[in-house]
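Subject: Structure for you to look at

Hello,

Here is the structure I promised to pass on. Please open it first; my notes follow below.

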2 protein chains.
Amino acid sequence: MEQKLYDYLKMIEEVDRSRLNELQDRMNKLTKPKGSLGRLEELALQLCMITGKQRPLLENREVFVMAGDSGIVEEGVSAYPQDVTPQMIYNFLNGGAAINAIARTTGFEVNVIDVGVARKIGSDNPRFFDRKIAEGTKNFKKERAMSIDQAVGSIVTGIEVVIQRNAERRLDLIATGDMGIGNTTPSSAVVSAITKVPVENVTGYGTGIDDQGFVRKVKAIEDGLRLHEPDQNDALDVLSKVGSFEIGAIAGTILAASILRIPVIVDGFISQAGALIACTLEPKAVDYIIASHQSFERGSSAVWRHLGLRPYLYLDMRLGEGTGALLMTGLIEASINAFNEMATFEDAGVSNRE
Amino acid sequence: MEQKLYDYLKMIEEVDRSRLNELQDRMNKLTKPKGSLGRLEELALQLCMITGKQRPLLENREVFVMAGDSGIVEEGVSAYPQDVTPQMIYNFLNGGAAINAIARTTGFEVNVIDVGVARKIGSDNPRFFDRKIAEGTKNFKKERAMSIDQAVGSIVTGIEVVIQRNAERRLDLIATGDMGIGNTTPSSAVVSAITKVPVENVTGYGTGIDDQGFVRKVKAIEDGLRLHEPDQNDALDVLSKVGSFEIGAIAGTILAASILRIPVIVDGFISQAGALIACTLEPKAVDYIIASHQSFERGSSAVWRHLGLRPYLYLDMRLGEGTGALLMTGLIEASINAFNEMATFEDAGVSNRE
């Protein structure tokens, strides 16, 4: 199984920078002051380098909501009961969640992948994938969250679901998403383990625990990290000791996008933990990531900084599911359309700067 | 003429807060942790209060690009020649500018209003409005930019163009925009005059002047403010002494939106100067404004702070035309669709917090 993962990682190449000068040159000839579209220009050029096209297609858009449960909820780290994970999955499949409304608005299809929910999910919805690794992770305060085999399995599952969907219909734009009660806790643990930022500085209130719950949450993560001493350079060690299945599967989504040269919009804090796992396994993957928003969750900025990325949206969101990622759609479309549809100074007969 | 403006101002009422508790209550019943959609929730509630509807229509969207020239360009404050103002107007009318590409992407129509371009514009394009107040403002380093009558005229023109378009097709969403070589200079002057932030802290490099040009620009503004001593509480005094026609017309766009109870997305720095004029004339107008982006132009944050608003997008843009405003479209749609389409905890059978 591990060999399979390494074979996938070997398929990831750098983005195509060979035409960057030519693309930048075109950008500078468009009828606007040089650089005045700001980060929209960076975004357009990144999309071109990822896809190798001057006008990347943006037709087929899918978000992959990775769902799982976390044994650490035993420690009282979440404001909601664990039953909410399967309940929300049914809500996704019925189209009633925030991610569904935003997906309809932005032209995305929503895939829901059970990679480790504690209950059996019964659904024949074609957008549901039963890829359960186990019925939830173990309580990482007491023992490893999962075996190395399971960690590898969660990542490979994430990779292969995306590859399968791409084979079925060609994907042009991918977004990461998550569902799992309590999963900001393994996310903070993964983020602290890899970035070495102290636990308290990368731990937030999740879905809304009270101050006592916050103290329990920080302590549970600190205890877990002290017990396991994960190696910051070994993503499988970190993921297996203090991670969760959905974090592994999100890493897989990002790695698959990198293999397939498809832009992948990374959502908030849980997805960011997945991005850290992906980029620790293969640093080239970072070039395929579009950083979406600054989450309200305290550790969000530490992750973007660690990855050398800057988010575009500052919305104080803390919902997950992929909601923040999909809000990038309009900016992505606008960046590509402006780059391809604007007149040049010469064509429009506009004087360039003196 | 001044009486006409005051009659318009009297038509502006506060947004409808009577249903805020009921709306907030609905928001809290949706299947997401309370408050977890962050500023998207604020945005949805603001749109409801502006329009008085739980599901505001977002069908008819128009941006009003106010175009004019500034006499202060004599002082060498811009990187581009003044001819670019009319050239860019033809580019707008031919669909080749950034605002056109982004308007097509986001479903907006582009209106171009000549309120003071230094050259005659010849066009029978139905989206072009010839409402020239004069052929450019005067050089405010030496004399008033315009008379009080012209200042009032520019604002009333902005108001009446929007009222006319609304009568023709019912507008659901409005955005502000601008074109005018050198117009960051009167904008910085207006912003410093009203906010009392020192000129140097609200003056940037505009379309890209060099360091010497920047020094000239700051000095020209400081000289103008010293000469005229505009009254920070008297918007007509400020606008007429150091403003520009397009800034007045943008203020008019915002006031018209407030009169008509239509949400108005305010673009970057020049539009922000217009917002200061509008909200100094009638502070209730601020509730109708959707702050779009933090411009790269240095004074942008001072204006948002003065208005008590926070932008959503951090894109380092400095293009104007309304481009940054239109990038809010996806967020606005998503906020309204999530608010109206999401299932409640009860409907979806999802357990609420313990």
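**Between the domains of chain A**

Between domain 1 and domain 2 of chain A, 9 residue pairs are in polar contact, with both residues of each pair at pLDDT 80 or more. Two elements of chain A, helix 1 (2-10) and helix 3 (39-51), each give two or more residues to the side of domain 1 that touches domain 2. Helix 3 of chain A gives the most, with 8 residues. By class, that side of domain 1 has 11 nonpolar, 2 polar and 8 charged residues.

Keep in mind that this is a predicted model.

Now the layout. Domain 1 of chain A covers 2-55 + 338-348, and domain 2 covers 61-330. Their centres, taken over C-alpha atoms, are separated by 28 Å. In contact across the interface are 21 residues of domain 1 of chain A and 26 residues of domain 2 of chain A. The two domains of chain A bury about 2,200 Å² between them. Carbon and sulfur atoms give 63% of that area.

The rule also finds 3 salt bridges across this domain interface of chain A. Have a look at A:E13 and A:R261, which form a salt bridge. Their closest N and O atoms are 3.6 Å apart.

**Between chain B and chain A**

Next, the chain interface. Here 53 residues of chain B are in contact with 53 residues of chain A. The buried area is about 4,700 Å², with 58% of it on carbon and sulfur atoms.

Across the interface of chain B and chain A there are 4 salt bridges by the rule. A:D316 and B:R310 meet through their side chains in a salt bridge, at 3.2 Å from N to O. Polar contacts between chain B and chain A come to 22 residue pairs, both residues at pLDDT 80 or more.

Several helices of chain B supply at least two residues each to the side that touches chain A, among them helix 3 (39-51), helix 4 (84-93) and helix 5 (98-106). Helix 14 of chain B gives the most to that side, with 7 residues. By class, the side of chain B that touches chain A has 27 nonpolar, 15 polar and 11 charged residues.

**One residue in chain B**

Last, B:H228. Find it in helix 8 (residues 211-228) of chain B. Is B:H228 buried or exposed? B:H228 is buried, because its relative accessible area is 12%, under the 20% cut-off. Leaving aside neighbours within four places in sequence, B:H228 is in contact with B:F140, B:E143, B:R144, B:K241 and B:V242.

Best wishes

Definitions and conventions:
Residues numbered from 1 in each chain as written. Chains lettered and ligands numbered in written order. Predicted model: local features only at pLDDT ≥ 70, side-chain atom pairs only at ≥ 80, totals over all residues. Heavy atoms only, no water. Domains from an automatic or database assignment. Contact = heavy atoms within 4.5 Å. Buried area = accessible area lost by both parts, 1.4 Å probe. Polar contact = N/O pair within 3.5 Å; in protein donor to acceptor, adjacent residues only side chain to side chain. Helix = DSSP H or I, 4+ residues; strand = E, 2+ residues; numbered from the N terminus. Nonpolar A, V, L, I, M, F, W, Y, C, P; charged D, E, K, R; others polar. Buried < 20%, exposed > 50% of the residue type's maximum accessible area, 1.4 Å probe, protein only.
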